[in-house]
Structures are given as structure tokens and as C-alpha cells.
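Have a look at the model first, then read on.

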Amino acid sequence: IHANKSETRSSGASNRRPNFASICNKFNKFKFEIFIRNDFMQLFCCCCEQLPIIEYLNETRKGFGRDLLPNDSIKRAKARMLAEIVNSGIQPYQNANVAQRIQRELGDSKRDEWLQHYIEKGLVAFEAALKETSGGKYCVGNDVSMADLCLVPQVYAAKRFRVDISRFSLISRINSELERLPEFRRAHAHRQIDTIEKLREN
């Protein structure tokens, strides 16, 4: 999540002072390599889950971009529901730790079968939910929300593991709309400073 280049750090920065990785690991029991810190280094907010990070940035960066949670309470609940379908209903099954263990114990074909099954299952649920929540350009009406931030990387992962996205008409349409936005173009996995050369795009 790129709120500002000076605000994002990975735990690879453990040689810096103070030791952000050691602070983060007090809270991050799974040792996931992600956390954020505030602008003035007065408060270290160590988050090991994506949705709390999104909500933190949304609450602390008012006026600097899009509001990722709708003001309307019903729409806000819908955005969170869609985000959780990805976060809780798909992502744990495609987590690298899970995929790597299946690959080691059962081989590549079983790993791919596992990933495709659970990604497709989750996208079926997401597509069904969109029929009740969309009604516009994006996941919840005509404004980008937290749900959209979760959808785009999930579609990227689905394509990576050869899941046929074309069968999900709403997901495909919304993803195409989102990929046209400059914020999503800049945040694409192939346009990051650490993208490997063969995947790098401008």
C-alpha cells in the first residue's frame, strides 16, 4: 500500500534505527513482512493485516485522496463484506505458505488444483455479492472503496494461477474500470521498484 514512499517500510529495514522489525514482531506473531509507521515517528503502528492498514490510512489521510469507506452505513458494511470475502474467504487458501507446503508434499499439479478451486469458489461468492452491492461502476456504487482495493490484486492472482476470469462478468467489468484509474496503474505489481525485470511495465 503506497500512501507515501517515506511511510512504507518492509522488515528488511532492520538495520535502521530504531529497529522497526523488532517492534513490529511484538504484534506481528505470524512474522508477515508488512507494517506502517506514522509521519513523525512518535507512534509506531504495527499492522500485520491488510484491512486494518487500509482503514488506518483512510482515517489518517483525509483530504489526500479517495475516501475508501462510504459515509452511508449500509454501503460501508457492504464494502467491508466484499473486502472480507477476499481477505478471509480466498486469501488464506492462496497464501504462499499454504501453496508451498502443498507443492512440497503433493506436487505442482495438486497445488494448482487447490489454488484454482478456492480462488474460483471465492470469486463465485464475490460475483454473487456484487449483484446486490454494485449498481454502478465499482464494487459499491460509483465510488472506489476498500472492496475495490481487494478485488484488483485478487483478479491478478487469479490470472496468475490460470483461473478463467471471463466467466465472472461483473468482476471483469469492474476490474477493467479500476485498472484505468491512475492510482491503480501506479500500484500495479509490474510497476513497482522491486518488480523483476522480465515483468516490469511502464
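Helices here are DSSP runs of H or I with at least four residues, strands are runs of E with at least two, and both are numbered from the N terminus.

A word on the ground rules: this is a predicted model, where local features need pLDDT of at least 70 and side-chain atom pairs count only at pLDDT 80 or more, while totals for chains, interfaces and linings use all residues. Residues are numbered from 1 along each chain as its sequence is written, and side-chain values use heavy atoms, leaving out hydrogens and water.

## The overall layout

The chain has 9 helices and 2 strands, and along the sequence they follow the pattern β-α-β-α-α-α-α-α-α-α-α. Of its 202 residues, 40% are buried, where buried means under 20% relative accessible area, exposed means over 50%, and partly exposed is in between (1.4 Å probe, protein chains only).

Contact means heavy atoms within 4.5 Å. Among the chain's contacts between residues at least 6 apart in sequence, 57% join residues at least 24 apart.

## α3 against α6

How do α3 and α6 cross? Helix α3 (residues 73–89) and helix α6 (residues 108–133) have axes that come within 9 Å and cross at roughly 170°. The two helices are therefore roughly antiparallel to each other. For the record, angles under 35 degrees count as roughly parallel, over 145 as roughly antiparallel, 65 to 115 as roughly perpendicular and the rest as oblique. The axes are lines fitted to C-alpha atoms, for helices over the stretch in contact, with angles from 0 to 180 degrees between N-to-C directions.

On the α3 side, the contact is made by Lys78, Met81, Leu82, Ile85 and Val86, and on the α6 side by Gly122, Ala125, Phe126, Ala129, Leu130, Glu132 and Thr133. These residues divide into 8 nonpolar, 2 polar and 2 charged; here Ala, Val, Leu, Ile, Met, Phe, Trp, Tyr, Cys and Pro count as nonpolar, Asp, Glu, Lys and Arg as charged, and the others, Gly among them, as polar.

## Two residues of α6

Gly122 sits in α6 and counts as buried at 6% relative accessibility. Leaving aside neighbours within four places in sequence, Gly122 is in contact with Ile85 and Ile90. Its C-alpha is separated by 9.5 Å from that of Ser88, 34 residues apart along the chain.

Glu120, also found in α6, is partly exposed at 28% relative accessibility. Not counting residues up to four places away in sequence, Glu120 touches Val163, Arg167 and Phe168.

## The nonpolar core

Which residues have the most contacts inside the largest nonpolar core? They are Leu82, Leu123, Phe126, Cys139, Ile171 and Leu178, in a core of 38 residues. Such a core is a set of buried Ala, Val, Leu, Ile, Met, Phe, Trp, Tyr and Cys residues joined through side-chain atoms within 4.5 Å. Two or more residues each come from α2, α3, α6, α7 (146–160) and α8 (169–179), and α7 gives the most, with 7 residues.

Take Leu178: not counting residues up to four places away in sequence, Leu178 touches Tyr138, Val144, Asp148, Leu151, Val152 and Phe184.

## Polar residues and a loop

Asn58 belongs to helix α2 (residues 50–60) and is buried, with a relative accessible area of 8%. Its side chain makes a polar contact (3.1 Å) with the side chain of Asp67. A polar contact is a pair of N or O atoms within 3.5 Å; within protein, one must be able to donate a hydrogen and the other to accept it, and residues adjacent in sequence count only if both atoms are side-chain atoms. Beyond neighbours within four places in sequence, Asn58 is in contact with Arg66, Asp67, Leu68 and Leu69.

Leaving aside neighbours within four places in sequence, Ser145 is in contact with Leu68, Pro70, Ala79 and Val140. Arg162, in the loop between α7 and α8, counts as exposed at 57% relative accessibility. Its phi is near 60°, a positive value in a residue other than glycine.
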